[in-house]
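This report describes the pockets of one protein and then one of its sheets. Please look at the sequence and the structure together while reading.

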Amino acid sequence: ESKPSEDFVVSRNRGLGNVVVTVEGVVGPFPEARESAVLDNLDCVFVPHVQIVRLGQVLEIRNSDRVIHTAHAYDEAKRTLFNVALPVYKRSVRRTLMRPGRYRIACDVGHTWMTAYVVVVDHPYAAVTDASGAFRIAGVPPGTYRLRFWHERLGVREEPVVIRSGGETIVNLAWRTDGSRPWLTNPEERAP
């Protein structure tokens, strides 16, 4: 009869889930993604709610429900990328994602609460924060970059980050819901 909203997933410690974090400015070439990404329809919810897919990677769209669903993908200009019907239980459809960008997925058969986001990037240095607000992006080469944070309701924030060799960089972003600038804790270095 009802589903909880996934717009704001906030932990007890005020960590924000479902934030896409990308490291911008890393120079390639990059290895190709080999496995398919999966977007499932489960209990009338898209799972996962937010995910990252590499450019050229296959997205397998599944229906694990015994009711009809669709997966209608819109780009940021609200143009259709694809619109597939999933009328059969345990059936799936595959789409290769060849355009970078952020896509909103909706179910067009009356399930108005069903939304998901797929962010297509051309490099491996990206992550989605978990329910506690944590994320990890491994293997970033040393250098100065921009961290881009995107949340479906709070928008985009960018902050500089310095990655040094042989350590771990910790970043904490406080995101304000009143529209004022967030603040970024100066990253600290720790040995792995």
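## The largest pocket

In this predicted model, strand E16 gives the most to the lining of the largest pocket, contributing seven residues. The strands that each supply at least two residues of this lining are E3 (20–24), E14 (143–151), E15 (155–163), E16 (168–174) and E17 (183–190).

The volume of the largest pocket is about 1200 Å³, and its lining is made up of 41 residues, among which Gly133, Ala134, Phe135, Val171 and Asn172 lie nearest the centre. Sorted by class, the lining of the largest pocket holds 24 nonpolar, 13 polar and four charged residues.

## The second largest pocket

For the second largest pocket, the volume is about 250 Å³; 15 residues line this pocket, and Thr22, Glu24, Val119, Val121 and Arg148 are the closest to its centre. At least two residues of this lining come from each of E3, E11 (101–106), E12 (115–121) and E14, while the division by class is seven nonpolar, three polar and five charged.

Strands of a sheet pair through backbone hydrogen bonds, in either a parallel or an antiparallel sense. Here, four strands form an open sheet with mixed pairing, in the order E5-E4-E7-E10, and its edge strands, E5 (45–47) and E10 (92–96), each pair on one side only. On average, and with direction ignored, neighbouring strands of this sheet are turned by 20° against each other.

Within the sheet, E4 (residues 37–42) pairs with E5 in the antiparallel sense over three bridges, and Asp40 has Val47 of E5 as its bridge partner.

Technical notes: Residues numbered from 1 in each chain as written. Predicted model: local features only at pLDDT ≥ 70, side-chain atom pairs only at ≥ 80, totals over all residues. Heavy atoms only, no water. 1 Å grid on protein atoms, 1.4 Å probe; cavity = no way out; pocket = protein on both sides within 12 Å on 5 of 7 lines; lining within 4 Å. Points joined across faces, edges and corners; volume = space filled by probe spheres on them. Nonpolar A, V, L, I, M, F, W, Y, C, P; charged D, E, K, R; others polar. Pairing = 2+ DSSP bridges. Axes fitted to C-alpha atoms, helices over the stretch in contact; angles between N-to-C directions.
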